Amino acid sequence: MELPSNSDKHINPYQQGEKQKLNPSPKKSKKLFTKEAMVAYLFIAPTLLGLFIFYILPALGSFVLSFTNWDGINTPEFVALDNFILMIQDPLFMRSIINTAVFTLLSVPLSIMFAIIISLLLNQKIKGMVFYRTLYFLPVVTMPVAVGMVWKWLYNTEYGIVNHILGIFNLPQPAWLFDPNISLISVIIVYVWMTVGNNVILVLAGLQGIEKSYYEAAQIDGASKTKQFFKITLPLLTPTLFFVLITGMISSLQVFDLIFVMIGNTTALLEPLRTLVYGVYEFGFKYGQMGVASAQALILFLTILLVTIVQFIFQKKWVHYDA
């Protein structure tokens, strides 16, 4: 016969009852968890349903259509890899890849660079800071179509404000959207102006999350402002910059509406600005070749996936999550 332990001798019966209440049986806990889970699933069901109907289902359908020849009306015809072979042989498709790559490699770093500079300025204690922060965020809440229309007017060769200002100082007045040598740069300028506000908000939040004690210790050690920036601010800001880089590259690889509004269907001007998404639109809705359009969309998806995976692999070498 086992004797009760010393701990059991001094337990009050009322305490035992309270202990049992605090530690319910596994069966009761399991039932309670199931009820909570069902309530949670009920709340997120509309979002999951919309995600499945408008994102997952079309993505699966596009994957299947990429191996078919379909005009959107008749029965799809299975053609295996013919659509992908057609894309590789199409010089316009290869040009769209180059344009998209150049657009991304220029617009994303410029947007991040200007976001860091503006965030450092907005992080100071000056009057009217709320106004300045709102001013920089206004382009983000403006529709890309509206942005494209306004900048198309600003870039106008004859009565645009940009060339008018350049003319006052006797500077060259280029055809911003009609010169194939600078048309891509012109659109990149607008895209950076449109996206820098969102990056400013994110970077500014990252700056305000850095402890002031690091800067105080650096000042005691005699570190200059430049050294504080490269040794404290920039390393501790890398998690935010990594997020901005990921989202920025995904967004820039899918650019379409801004170029479509500013250029339209002008064939002569389109080639220097042709992107992957524009090719999807052109083959799908202009030529009625849904199979080729789906194949290009699949290539775009794989490109974004590959770029994102590579960034996550190499972020361990430059992103510092610990102070």
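How are α5 and α11 oriented to each other? In this predicted model, helix α5 (residues 91-122) packs against helix α11 (residues 225-253) at an angle of about 140°, their axes being 10 Å apart. Axes are lines fitted to C-alpha atoms, for helices over the stretch in contact, and angles run from 0 to 180 degrees between N-to-C directions. The two helices, α5 and α11, are therefore oblique to each other; angles under 35 degrees count as roughly parallel, over 145 as roughly antiparallel, 65 to 115 as roughly perpendicular and the rest as oblique. Residues of α5, including Phe103 and Ile116, meet residues of α11, including Phe229 and Leu245 (contact means heavy atoms within 4.5 Å).

The largest nonpolar core has 21 residues. Such a core is a set of buried Ala, Val, Leu, Ile, Met, Phe, Trp, Tyr and Cys residues joined through side-chain atoms within 4.5 Å, where buried means under 20% relative accessible area and exposed over 50% (1.4 Å probe, protein chains only).

The most is given by α9, with seven residues. Apart from this core lies another, of 20 residues, among them Met129 and Leu207.

Residues are numbered from 1 along each chain as its sequence is written. Local features need pLDDT of at least 70, side-chain atom pairs count only at pLDDT 80 or more, and totals for chains, interfaces and linings use all residues, while side-chain values use heavy atoms, with hydrogens and water left out.

Conventions:
Helices (H or I, at least four residues) and strands (E, at least two) are DSSP runs, numbered from the N terminus.
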